[in-house]
Amino acid sequence: MVTERMLQRTRTAISAVSATAPVTSSFNQARPREIAFMSRSRASLRMGRGSTLFAGVKPTRSNGRRRQFDRLPSFQKIDWVLIFVDASLSSLETGRSRVVNKRSREDTMLQEEQQAATALPIYHLSLDWPSFLAENPVPDVFERTMWRWSPDRIRAMQNERFLKLMTAAWGNPFYQKRWGAAGVEPGDIKSIDDIVKLPIFTSEDIKDDQAANPPFGVIHTEGIAGLGSEPRKLQTSGGTTGMPRPTMFGPIEWEMNGLTFARGIYIQGGRPGDVQQIPATASLANFAWCVYKGCHDYMGILPLTTGSGIVTPSRRQLEIAFAWGTRIITSFPEYLTQLAKVARDELGRDVRELKLRFLQSFLGPDVDNSLRKQLEDLWGCPVYDHYGTHELGLGAFECQHQSGMHFMEDATYFEVVDPDTGMPVAPGVAGDLVVTILYRRVLPIVRMNVRDLVRIEHTDRCACGSHYRRMSKFLGRSDSMVKLRGTNVYPMACLSAVKSDPRTTGEWFCYVDRHTRDGAIRDEMLIQIEVRKTADSRTGLKENLERRLHADLGVRVDVELVDEGALTEIANLGREGKPRRLMDRRNLRK
Ligand SMILES: [Zn+2]
């Protein structure tokens with residue numbers, strides 16, 4: 001529907017361009033019921049006699065309620081035009097119009113009539129594509145431009161995007177309340193340097209909001225308002241307990257979900273025509289969707305959405321990979337080792353025969369690169385590490401130089417803060433990752449502590465040519481951090497030690513208990529570690545692991561050896577969702 005407001009904005013737009021483009025005058029009397037949109041690139045701009053140009057219509061984030069026709073400095077900047085040849089009152093009133101373009105008139109009429117007549121929130125009519133792509137370049141253009149910008153230019157871009165985000169976020173009740181309570185006023189935030197004045201929040205705060213304002217919370221105000229007038233997608237955190245936490249995506253958020261991943265694939269060396277296998281199920285979890293969309297929509301890579309091993313058994317996954325020429329696989333380390341084993345045991349083949357370009361994985365706290373080396377040996381190709389959450393899409397990824405994960409700086413502003421004080425820490429110091437997603441409006445994210453522990457390792461230019469800062473491997477979850485006798489202990493930091501002896505399965509679980517002896521309190525950590533069925537002896541194993549863990553964690557801990565498979569349940573292994581590594585029993589009544 002064309003509203004009075006839209007007509008007014010369109011008239012303003014026309015007068016703004018009339019200095020450079022001839023416009024006839026029948027518009028003022030017209031009361032079109034619908035207006036169709038044509039992209040300039042698709043339509044010939046030859047203006048015939050009696051033509052009317054409806055110009056500068058920028059339906060950014062159009063959700064039926066609010067179309068923005070602003071930012072029209074010159075004719076050259078106009079993204080969308082409407083050309084009514086011989087536009088007359090009658091043709092406008094019937095909602096019909098003809099567009100001068102190269103396609104047959106019949107096709108044109110069909111498309112345009114649909115655009116004019118539909119009351120449905122069609123996805124591909126819901127986004128101002130030229131503006132979107134100008135701000136968020138496609139992978140190869142991105143690699144030649146923004147990716148190589150100087151730190152100053154990146155900062156200026158972040159600043160501009162951040163200030164626009166702030167304008168939107170001040171209208172969001174979730175932030176109004178939190179920022180108001182912290183005594184922050186709109187005038188206090190003049191640039192991205194002021195971001196530290198804004199309080200940090202966590203997913204717990206979103207959960208509380210959603211519990212108080214079910215089902216999606218006031219943080220989703222714009223998402224809910226758009227339901228029915230603009231397409232929405234909903235993905236969730238991979239919660240292992242209770243209801244998962246919903247996050248909505250509008251068209252821009254959904255496009256960025258795929259585009260960020262595609263940039264990673266391109267920079268790592270994926271090319272159009274490649275076949276990429278995605279052994280993960282497209283469900284409420286975002287991962288498979290994100291990779292699929294990146295391959296399909298932004299790379300011209302053929303995605304094989306084989307689903308997890310439950311949907312397509314591992315043997316069939318491999319048969320498909322061999323038969324259809326898989327060149328890239330995106331999966332988690334555990335499953336990649338499983339696939340290599342099944343190939344050997346059930347097919348009598350070596351996965352190195354696939355001659356993959358590379359593997360995309362999530363190496364977690366593989367600080368000594370032992371897991372990477374194991375996978376690269378098994379598969380005979382490079383393994384690139386990634387970091388993401390369902391809100392971010394791909395947040396950070398390794399380029400071909402494997403020297404830290406580059407933050408996706410133009411999409412998200414990343415800070416690393418002290419877990420206790422919330423204040424930013426210097427590069428090289430581990431802390432909580434705090435994200436501000438610069439493009440998100442349908443559920444805006446401003447300073448969310450994702451409670452993942454990382455450190456910024458490099459701020460200089462990478463050998464790949466990019467100044468996009470690089471972070472360490474994911475070092476663990478800070479909400480599972482425990483203070484043990486004054487030392488911060490991260491259960492994920494046990495990984496290297498546990499894997500250092502081939503007799504273990506590489507799985508472990510930490511318990512923290514409080515003992516009182518003669519009135520003195522002492523906290524102890526007991527780490528259960530699985531031993532392989534095939535291990536010929538356990539001699540010295542417990543002592544070796546305890547020694548190595550003491551060195552890695554900085555505190556003395558006890559090790560208990562358990563049989564292979566004993567931790568499946570408690571550590572949530574081999575299922576959807578992240579493994580659990582810690583139970584803090586200090587506050588439990590005995
Ligand atoms: Zn690089």
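This is a predicted model: local features need pLDDT of at least 70, side-chain atom pairs count only at pLDDT 80 or more; totals for chains, interfaces and linings use all residues.

Me: What about the second core, how many residues does it have?
Reply: It has 24 residues and is separate; among them are Ala-497, Leu-545, Leu-549 and Val-555. As background, nonpolar side chains tend to be buried together in soluble globular proteins.

Me: Okay, new topic: the metal. What coordinates the zinc ion?
Reply: Four residues do: Cys-399, Cys-462 and Cys-464 each through SG, and His-406 through NE2. The distances run from 2.1 to 2.4 Å.

Me: Why is the arrangement around the zinc ion called tetrahedral?
Reply: Because the four donor atoms subtend angles of 103 to 115° around the zinc ion. For comparison, the ideal angle for four tetrahedral donors is 109.5 degrees.

Me: How are the donor residues spaced in sequence?
Reply: The pattern is C-x6-H-x55-C-x1-C. Cys-399 sits in the loop between strand S12 (393–398) and strand S13 (405–407), while Cys-462 sits in the loop between strand S17 (456–458) and strand S18 (470–471), so this pair ties together parts that are 63 residues apart in sequence.

Me: Is Cys-399 buried or exposed? And Cys-462, buried or exposed?
Reply: Cys-399 is buried, because its relative accessibility is 0%. Cys-462 has 3% relative accessibility, so it counts as buried too. The cut-off for buried is under 20%.

Me: Let's switch to strands. Why is S11 largely enclosed by the rest of the structure?
Reply: Strand S11 spans residues 383–389, and six of its seven residues are buried, so the rest of the structure largely encloses it.

Me: Which way do S10 and S11 run, parallel or antiparallel?
Reply: They run parallel, joined by three bridges. Gln-360 stands opposite Tyr-384 in S11.

Me: And S11 with S12, parallel or antiparallel?
Reply: Antiparallel this time, with four bridges joining them. S11 and S12 form a hairpin with three residues between them. Tyr-387, which we met in the core, stands opposite Ala-396 in S12.

Notes. Residues are numbered from 1 along each chain as its sequence is written. Side-chain values use heavy atoms; hydrogens and water are left out. A nonpolar core is a set of buried Ala, Val, Leu, Ile, Met, Phe, Trp, Tyr and Cys residues joined through side-chain atoms within 4.5 Å. Buried means under 20% relative accessible area, exposed over 50%, partly exposed in between (1.4 Å probe, protein chains only). Donors are N, O and S atoms within 2.8 Å of the metal (3.2 Å for Na, K and Ca); water is not among the atoms, so sites may look incomplete. Four donors count as tetrahedral if all angles lie between 85 and 135 degrees; four count as square planar and six as octahedral if opposite donors are over 155 degrees apart and all others between 65 and 115; anything else is irregular. Helices (H or I, at least four residues) and strands (E, at least two) are DSSP runs, numbered from the N terminus. Two strands pair if DSSP finds at least two bridges between them.
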